[in-house]
Amino acid sequence: MMKDQDKIYWKSFEELTQDPRYLELAQREFMEEDDGSDFFTLSRRKFLKLLGASVALATTACRRPVHKIFPYVRQPETLKPGVAQYYASTFALNNHSYGILVKTIEGRPIKIEGNPDHPLSLGSASTFAQASILELYDPDRKRKPTIGNKSVSWDEWNKEIISLLKEGGNKQIRLLTESITSPTLRSTIEKFIKKFPNTKWYEYEPISQETARQSYQHAFGRPNIPKFHLEKADILLSINADILGGRLDSNALLRQWANKRKITSPKDTLNRLYVAESYFSLTGSNADHRLALKPSELLLFSLQLAKLLVYRFNLSTDSNIRSLLKSVPDENSSSYKKEFLGALAHDLSKNRGKSLVLVGEQESLELQIVGHFINSLLQSYGTTIDTKISTASFNNGFNSLKSLTQEMEQGKVDILITVGGNIAYQTDSKINDLFKKIPHHIRLSLYNDETTALSHYAAPLSHDLESWGDSQPETGMISLIQPTIQPLHDSRSLGEVLMSWIHEEGWLTELKTYWKNHIYSKQPRMASFEAFWEAALHNGVVFEKVTGSHSFTFKPEALHNVMKNLDPRFRGDDTRIELQLHPSYTVYDGRFANIGSLQELPDPVTKVTWDNVASLSPNTAQKLGVKQGDIIEIENKIKLPIFLQPGLADGVITTSLGYGRSKGGEVGIGVGSTVFALGSQFQHAIRVKKLSGHHKIATTQAHHSMEGRPIVLEAPLEEYKHTPDFPKHKTHTPELFSMYEEYPYPGHKWGMAIDLTSCVGCSGCVVACDVENNIPSVGKAQVLKGREMQWMRLDRYYETSLEHDIKTVHQPMLCQHCDNAPCETVCPVAATTHSSEGINQMTYNRCVGTRYCANNCPYKVRRFNYFNFNNSIEYPQELGKNPDVTIRMRGVMEKCTFCIQRISEGKNAAKMRGEPVLDGSIKTACQEACPTEAIIFGDLNDPHSKVSKASKQSHGYHVLEELNVRPAITYLAKIRNPHPKLEKFKI
Amino acid sequence: MNVQTIEKIELVLGKKDRKTITELISKPLDCFPSKKWFLLFSFTASIATLGFLCIGWTIYKGIGVWGNNNPVGWAFDITNFVFWIGIGHAGTLISAILFLFRQRWRTAINRAAEAMTIFAVMCAGIFPLIHVGRPWFAYWLFPLPNEMKIWVNFRSPLLWDVFAVSTYFIVSFLFWYIGLIPDLATLRDRTTNPIKKVAYSILSLGWRSSQRSWKQYETAYLIFAAISTPLVLSVHSIVSFDFATSIIPGWHTTIFPPYFVAGAIFGGFAMVLLLLVATRKVFQWEDFITITHLENMNKVLLTAGMLVGYAYSVEFFTAWYSANDYEFFAFKNRAFGPYAWTYWTMIFCNVLSPQLFWFKRFRTSIPVMIVVAILVTIGMWFERFVIIVTSLHRDFLPSSWGMYTPTIFDFGILAGSLGLFFTLYLIFVRLLPAVSMSEIKGVMPGAHPKGEVNDV
C-alpha cells in the first residue's frame, strides 16, 4: 500500500482493510512456506519422489525438439500415404522437349522418369531431365521478388512493373528469352507485344540452331530442320554432331541407333557408325571407326568425301557439281585418313537411302551445307531424313542478338526484360557494360544469377515442375507441362507473370483456351474438350496428323557459294593451336552448374568431375611443354588446366562450356572457367601461354587401360559370327565344385544383364541411381581423395591397337550381387548378407564400418561414408529425398541394392493383384533410365524372362568369372562392326 | 648343446652377491626419478596426448580425416595395428618359447620384453577400435546376446582377430604378472614407504618364498609358458588371415601365417633390443644384460631377417609361377609401381641391414645394433604398409585404381601410438623391476653349487 499525499494505492482488499493475516504474509520474504528447511527433514516418501524426479529430469533433459506431424484434415481422394503417384509432364530444354513421368509421394515429386508413351522419350530420361528434380529443390533458388536489394511482394512488384510498362507509350521494350517451345507462351508473348507495341522479342541460346537453320535455308530454301531417323540408317557418319549423347535429342536418337545395335544371334546385323570429329565426344567413343581431325580440317574432309562419292562412286552426274568439286584436293598421303575416307565412301555409296550424314549444329555454315549435299547424294531425304516432320528450331543465336546489342549500345532500349537464360554469363563481358546503359532491366529467373545481378527488378520464376505449360518439340507432337507441387517459394511462371501484365484471365485459362482453339479443334474424335484435356494430361502427349511433305532438292548454288568462299585458312595450318568447344555433358551450358550431383557426374569420356579442362593430345602437350595439371592461358582470357586426352588430333585443345559461374548458387560458383569470353563460336584459332602453378583435376578414373585383362570383352561382328561364344575362350575358368550344398533359391533369383554393344556410356543410369537412392554428392575435395559415393559408375577403357583409331569401351559397373560374395564372409558383424532371392544386402543399422567388405570386393563397388555427407542437406532438399530409401549416416558402407525398394513395391503390387510378378514389372532405376535398353533386370528363375534369356546368350560372360564369386550380372560382350578394309578379322 | 656349455657362458658378470643384485635392480624404484626421466616422460606423454587428440578428432568427424579412400579402405590404421601386434610378439616369445627351450640367457631380458609386449598389444588394440566408422558400436564385434538375435559372423577373420588379440593380451598379462610375484614380494619386504608397502603387499598375493610356494609357482609358470607358446604363433597367424583369406592379389597367399610370425619376431626383437640397450645403459645393468645377451638377440634378428627375406622372394616367385596375371601384377606393382620406394625401403631395412650381423664385430657393437634395430623397426612398419596399401590400391579392375596419401591425422595417430608405448615403458621401469630379480639369481655363478642345472 502506497500513499501519495492523499491518494491511497492498494493491491487487494486485504491490504486495504489491513487484514492481520495479510500483514503477516507481507512481512515474509517468501509467500509460500518453502524456506528450504524441510529438505533436512525429508521423509522416505519425499526422498524417493525427489530421487525419481531428478532421474526423470536427468534422462529427459536433452531432448530433440518435437516436430509434430499433421494429418490431412480431408485426405485427398486418390492419395495413399507411401504409395507413389505418377504424373505425365514435359521436360523442355532449349529447342527440345519430351514427355516425362513425375513420381510423387505424398505430393512431393521425388523422381523423374521418361514417359513410355512419348515417342521422344520411350521411357527414358536424360541426365538433365532427371537432375531437374534436384534443381527444383535447390536451396539456392531465388525465393522472392526484389526491387533493387529490397524484397517485395508479387503484388507490389507487378504494380511497379506495370506502371513502368505503361508510362509513356514510346518506351522501347525489349524482351529477351531463352528458346520457347511452348506454343501457348509464344502466343501470349505475341499478345504482350500487341499490348505494348514498342516491344521486340529476341531469343538467345548459346547452343543455338541459328547456323543450322541458315544452312537449310541455303541448301533447300527453307530454314526448318527436319527430323532424323537413325533406326533406318545402316551407315552413319557423324561430323562433330555427337548424336549419341551431346545433343538434347540424343535420348531419342540413342534408342533409334540402338535398335540397330542389338545382337541376339549370329544372324543379326549391326549398323556402322563412322565419326569424324575434332573433340572426343561420347559418339566418337562409340564409333566403329573414328577419325580425329582439327576443326579446320573438317570442311576439307567433308568435301573430299563428297568428291569421292561423286567421282569415284558416280553418285552425281550433274556436270555443274562435278566441276565445282574438281578443285578439292585429294588425300594423297597413304594415311589412315585416306583409308577411312575410302571405306566410308564405299559404305555410303552402297547404302544409298540407308545412310545418314549428320553435321553438328554448331559447325560452320559451309560444313553443314556440304553435309546436306552429301545427304542428298545419298538419297537420305525421304528415307533416313523425314521430309514431313521438322523439329523445333529458332533464330536464337548470336547473330539475332546483334541488333539488340546495337540498340543497347545506342541507348535505344528503355526497358529490357530478360527471362530465363543467363545472357550476362553466356556471352563475353562486353554485354555486361551494355547493361549499364539500360534504365530498367526486369529479370525473371530461377536463380540469383549473373544476369539477375545486373537487373533492377528481379523475380523468381517457378520451376517447370511447379507450373503449367506446354511444349512442341516437333511438328505433329505437343505435350503439357503440369505442376506436381505447389511452388516451393514465392515464385511464378512466365505465363502467369505475362498474364498479370496484360491484365487477362489466369494462365491456366489461357493455356486451356489455346489448347481448345488450336489443338482440340484439330482432334476430331474427342467428345468434349474437358475429356480431351484430361486425356492429354494423362497421356502426356497429343499427336496431330502431319500432312504434306516438303521437297528437299539441293540447290547447287549453295555448294557453289561454299567453294567460292572457301577460306584458305581451312586448308589446315599446322602451326596454329585450334580450340574446339562443346556443351558440357553434365552442366550443359552452365544452367545446371549449381546441381552437385551433375557437377560430380563424371564427364563420360574424360571422367573429370567438378571442372572443365583443356584436353589435348600427349603430342600437343609435348609440343607446348605442358604436363597434366599445368595451367595455360588462352588468348589472355581463359585459364584452364591441362588434361591429357588420347584420341585428339595434334594441335587441338578442346574444352566444354558451362563452367566458371560467378553467381547463381554456392555449388557452381568458381567451378572451372568460362569460355564464353571468346565469343559465340565453338571453334577458335588461339594463342596459348603456359602459366605457373598446378591444378588438381578430380577424375573418378585414373587408369585408362585394361592392362590386357579380360574385363570388357569385345569382338568384331565377323568374329562373333564365326565364334558366337568367343568370351568363353578369352578366360579359362575351370569348373569349380563346392563342398557345400548350393542354396537352391526356391523363389525369385534376381539378376541383371548388361549389353555392352548398345551401352554408350551416357551416364543417365548414374544420375537415376543418385536420385533414386538419395546418394549425396561429396564435392571436389572428396572426389580427389577417391571418396565419390555413386553406387553405379561407368568404367571407360581405351584400347590403342591402332595409332589413329583409338577405341573406347564403356562398362557400367555396380554391385554384382555375387552368390559367393567375398564381402559377405569378411564382415565381422554380419551387416552384409545374402537374401533368399540372391541379393547381396547391406544392413546399414548393423554396419560398424570396418571397410573390410570394400577391400575384399574385386569390383570395388562398395562406397563408404567417410564423413556425414548428408549433414549438408538444407531446406527444401529434404523434400526431394526418396522416402523409401534410408539416408545413410557416416561410418557405414553402402552400395547398389538392385533397387530393393522397387522390388518390394513390385512384389507387393503383384501380391495385391493375386498374380505372380510379371517380367518387366520391376525395373531398377538404372534400367528405367537407360535410353538404349542396355540394362535388363528380372528374375533368373523365370526361364521366359528377358534377363534369363539374355544371360544365356552365347556372348554373355561374367566379369572376373575366374574368381568364382558368381555374379548375378551377366555382361553381353561388345560387338563392333568395323569395315573389313579398315580392320581385318583374323581367325 | 649340452648343459655344460650353457653354464660356461657367464650370464651375470662382476662377481656380485645376491644383495647387490637386488639393490641394483630395485634402485630405480627406490629413488625419485631424475630430471632426464621427467623430460623424456613429458616428451613421450605429449606425443601420446597429441595422438589421442587426433583420435578424438577422428571419432568426432569421421574416418574421412584420414587419407583412406576407395579402393584403399585400410591404410595407416591396420598397418599400425599389425605393426604393434608384431612387436608384441617378442616378449612372449622370449618368456615362453625360450623358457621351454631352456635358453637361460632370457632371464635378464624377459621382464622388460613381456612388459613391452603388453604395452605393444595395448597400442595395437587401439586401432581395431578406432578404425571402424562407428566406434561407438565396436562392441558389436563381441558375440553379445541381444534382443535382435543378431550374432557375429564367425566366418570373418576380423572376428578371429578379436578373439586372438584379446586372448593373447590376457594370457600375456597373466604370465607377466605371475613372473612378477616373487619380485613384488622382495620389494614389499625391502620398502619402508607405507604406500608402496600396501601396494606391493596386495600385488604379491602373500608370497612367502617357501619351498612349497616355489614348487607350485614354477609349475604354474611352466604351464603358462606352455599355454603362451601356441598363442605366440597363433596371434600373428590369425592377424595374417585378415589378408590371407581375402581374395585380393597380394593378400591371398598361403605363406602369410609363417611369414607374419617370422616378421613379428623380427620386429619385436628389434624393439626389445632398442629398449634394453637404453635401459641397461641408464640403470647400469651391463652386468646382467651383457653383450652376450645382445649378441644372442642379434643372432635372432639375423635369422628372422633371413626368414622374412625368404618370404619376400618366395612370394615373388609364387606370383610368377602361378601364371596368375593379377597376382603377378600385384607384386610387380609393389616393386616397380608408384609405391616402389616403400618396397625398397622395406627390403633395405629388413633384408639388407641385418646382414651386418654375420660379423661378430657388428653383432657386439652397440651403435651398430641401435642403427640396425631402428632400421628393422622402420622396415617392419613399411612391410605392413606395403602389404596393405600396395595390394589395395591396384587390384582387379584398373578403373578403380587409386592412390593413398596419408594426412596429418594419420601421422599424428602413428606418432601418438609410439608416444603411448614409450610413456608406458617409462612408467614401467619406475614402478616395477625391469629385470627379474628372482630369476637372475638362478643364473648367477654359484647358483648351482654342484655345477649342474636342475630346474625341471
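Chain A has 32 helices and 42 strands. Here helices (H or I, at least four residues) and strands (E, at least two) are DSSP runs, numbered from the N terminus. The model is predicted: local features need pLDDT of at least 70, side-chain atom pairs count only at pLDDT 80 or more, and totals for chains, interfaces and linings use all residues. Residues are numbered from 1 along each chain as its sequence is written, while chains are lettered from A and ligands numbered from 1 in the order in which they are written.

**Overall build**

- Chain A has a radius of gyration of 33 Å, close to the 30 Å that the globule rule gives for 987 residues, so it is as compact as a globular protein of that length.
- The radius of gyration is taken over C-alpha atoms, and the globule rule is 2.2 Å times the number of residues to the power 0.38.
- The C-alpha trace of chain A spans about 130 × 90 × 70 Å along its principal axes.
- Chain B has 16 helices and 0 strands.
- For 456 residues, a compact globule would have a radius of gyration near 23 Å, and the 23 Å of chain B agrees.
- Along the principal axes, the C-alpha atoms of chain B fill a box of roughly 70 × 55 × 45 Å.

**Where the chains meet**

- In chain A, 43 residues are in contact with 38 residues of chain B. Two residues are in contact if their C-beta atoms, placed from the backbone, lie within 7 Å.
- On the side of chain A that touches chain B, the elements giving two or more residues are α28 (822-826), α29 (852-855) and β37 (863-864) of chain A.
- That side of chain A has 21 nonpolar, 12 polar and 10 charged residues.
- Ala, Val, Leu, Ile, Met, Phe, Trp, Tyr, Cys and Pro count as nonpolar, Asp, Glu, Lys and Arg as charged, and the others, Gly among them, as polar.

**A three-strand sheet in chain A**

- Strands of a sheet pair through backbone hydrogen bonds, either parallel or antiparallel.
- An open sheet of 3 strands runs in the order β3-β4-β5 (chain A), and its pairing is antiparallel. Two strands pair if DSSP finds at least two bridges between them.
- β3 (85-93) and β5 (108-114) of chain A stand at the edges with a single partner strand each, so one side of each is left without a neighbour in the sheet.
- Strand β4 (residues 96-105) of chain A is joined to β3(A) by 9 bridges. L93(A) has H96(A) in β4(A) as its bridge partner.

**Helix α4 of chain A**

- α4(A) lies across β3, β4 and β5 of chain A, at about 170° to β5(A). Axes are lines fitted to C-alpha atoms, for helices over the stretch in contact, and angles run from 0 to 180 degrees between N-to-C directions.
- Helix α4 (residues 127-136) of chain A also packs with helix α26 (residues 764-772) of chain A at an angle of about 20°, with their axes 9 Å apart.
- T127(A), Q130(A), A131(A), I133(A) and L134(A) in α4(A) meet G764(A), V767(A), A768(A) and V771(A) in α26(A).
- By class, this contact of α4(A) with α26(A) has 6 nonpolar, 3 polar and no charged residues.

**A seven-strand sheet in chain A**

- An open sheet of 7 strands has the order β7-β6-β18-β17-β16-β8-β9 (chain A), with mixed pairing.
- Its edges are β7 (150-151) and β9 (199-203) of chain A, each with a single partner strand, so one side of each is left without a neighbour in the sheet.
- Strand β6 (residues 146-147) of chain A pairs with β7(A) in the antiparallel sense over 2 bridges. The bridge partner of I147(A) in β7(A) is K150(A).
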